[in-house]
Amino acid sequence: MKKILIAIFALFLGLQVNAATTTTTTTTTANWDSVAAQKKLNDIAYKLIKSNNLPDGISIKVSNEDEANAYADINKEIHVYKGLLNYATTDEEIAAVISHEMGHIINGHNAKQTILNTLIANVTGDSSKSLGAAAVQELSSTKLSRKDEFEADLSGVDLLVKAGYNPLAMISVLNKICGNYVDIISTHPSGEKRLMNIYDYVSYNYPEWIKKGYTTDSYKKANTLISLNVEERNASPRLTKKYEKEQEKLKKEKIKRAKKMLKANNGWNSAYNTLLMLNSTTTTESTSK
C-alpha cells in the first residue's frame, strides 16, 4: 500500500507538469484554424462510424472555447472544445475522446439523464422543490453519471479497436485531463478508477494491445500506477477472483452494447421520444382550452 501511495503522489506531480507543459503534435490551438480542426475531427469520426457500422445522425461540432471539454447532447451532436485539443494531441487520442462521447450516445445516457431530471421536476414542481427531493435528484444523477462514464469508456474502447485505433490512447489522454481526485460527490469517477477500468477491460478483451503498449509519456506514467495496482491484485486470490467475475460480466454486457450500436434508437432514446410526444400533446391540449 505504501508503494501505491508513493506512486499516486508521483503521478499527481507528473500530471501537474503535464498540464503546464503539454504541446500538441497534430492539432495546435496556438495558431487556431477551426476549419482544419473541424475537418480532422470529421475524418476521425467518419472512420469510427463506418468501421463500427454505426447508424447515421452523429455529428461533430468544434467549439472555440479554451476549456478542456467535450460532450454529447440529446441530438447526437458531439461538441469538442478547442482547449481539449491541447491534451488530445494525436489522432488516436482525439479518436478516444470522440469514441467516449459516441459511447454516451449509443447507450442513451443523455436521454436517461433527461428523463430522470424531467420526472423529478414533474413530481416535485420546478419552483418549490423540497430539500429532500433536491438531494435525491443530486444523488441519483451522481450515481448514474459515474456508471455512465465507465460504460462510455468501455464502449469507446470497443469502437477504437474496431476502427484500428490503439485503445490505450484513451488511458493516455484521460491521464492528462481527468486527474486522480476523490469522487465521493463528483459526477465523474476518479481518474485512477477510470484508468484501471479501461486497462482491465482492454487487458481482458484485447490483450494484444496491452502487449503492444503505447509510447506517450502520459501512458507510461499512468502505467506505473496501473502496474502497482495489478501487482497488488495478483497477490490476492480474493481480488483476482473479484476481477475475473467483473470482467466476465462486462464481457456479456459488451455483446449487448454491440447490438445497441446497430440500432438507430435504444430503450432510453425511445422513452425520451415518447416523453416528448406526451409533453407536446399536453401542451396542445392546454393551449386549446
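Q: Is Lys176 buried or exposed, and what is its relative accessible area?
A: This is a predicted model, in which local features need pLDDT of at least 70, side-chain atom pairs count only at pLDDT 80 or more, and totals for chains, interfaces and linings use all residues. Residues are numbered from 1 along each chain as its sequence is written, and side-chain values use heavy atoms, with hydrogens and water left out. A residue is termed buried under 20% relative accessible area, exposed over 50%, and partly exposed in between (1.4 Å probe, protein chains only). Lys176 counts as buried because its relative accessible area is 12%.

Q: Which residue meets Lys176 in a salt bridge?
A: A salt bridge requires a side-chain nitrogen of Lys or Arg within 4 Å of a carboxyl oxygen of Asp or Glu. For Lys176 and Glu93 the N to O value is 2.9 Å. This pair connects distant parts of the chain, 83 residues apart, with Lys176 in helix 6 and Glu93 in helix 3 (helices, H or I of at least four residues, and strands, E of at least two, are DSSP runs numbered from the N terminus).

Q: How many residues of helix 6 are buried?
A: Helix 6 spans residues 168-177 and is mostly covered. Its buried residues include Leu168, Ile171, Val173 and Leu174, and also Ser172, Asn175 and Lys176.

Q: Which residues are joined with Asp153 into one network of salt bridges?
A: The side chains of Asp153 and Arg194 form a salt bridge of 2.8 Å, N to O. They bring together distant parts of the chain, Asp153 lying in helix 5 and Arg194 in helix 7 (residues 191-205), 41 residues apart. Both residues are buried. Salt bridges with shared partners build one network in which Asp153 is joined with Glu149 and Arg194.

Q: How far apart in space are the C-alpha atoms of Met196 and Ile171?
A: Met196 is also located in helix 7, and it is classed as buried because its relative accessibility is 12%. Beyond its neighbours within four places in sequence, Met196 is in contact (heavy atoms within 4.5 Å) with Ile226, Asn229, Val230 and Arg233. Met196 and Ile171 are 25 residues apart in sequence, and their C-alpha atoms are separated by 8.8 Å.

Q: Which residue forms a salt bridge with Lys82?
A: The closest N and O atoms of Lys82 and Asp66 are 3.2 Å apart. The two lie 16 residues apart, Lys82 in the loop between strand 3 (77-81) and helix 3 (91-106), and Asp66 in the loop between strand 1 (59-63) and strand 2 (70-72). Lys82 is buried because its relative accessible area is 13%. The partner, by contrast, counts as exposed because its relative accessibility is 61%, and this residue is Asp66.

Q: Which helix contributes the largest share of the positive surface patch?
A: Lys147, Lys241, Lys245 and Lys249 make up this patch; patch members have over 30% relative accessible area and no salt bridge, like charges being joined within 9 Å and nonpolar side chains (Val, Leu, Ile, Met, Phe, Trp, Tyr) within 5 Å. Lys147 belongs to helix 5 (residues 131-163) and counts as exposed because its relative accessibility is 51%. An α-helix has 3.6 residues a turn, so residues three or four places apart point the same way. The largest share of the patch, 3 residues, comes from helix 10.

Q: What is the C-alpha separation of Leu250 and Asn205?
A: Leu250 lies in helix 10 (residues 237-261) and is buried because its relative accessible area is 16%. Apart from neighbours within four places in sequence, Leu250 is in contact with Leu154, Tyr201 and Arg257. Although Leu250 and Asn205 are 45 residues apart along the chain, their C-alpha atoms are separated by 9.6 Å.

Q: How many salt bridges are found in the whole structure?
A: The chain contains 11 helices and 3 strands. Of its 289 residues, 45% are buried. Among contacts with a separation of 6 or more, 74% involve residues 24 or more positions apart. A search of the whole structure gives a salt bridge total of 7.

Conventions
Accessible areas come from the Shrake-Rupley method with a 1.4 Å probe; for residues, only the protein chains shown count as cover. Lys and Arg count as positive and Asp and Glu as negative; His and the chain ends are not counted. The place of a charge is taken as NZ of Lys, CZ of Arg, CG of Asp or CD of Glu.
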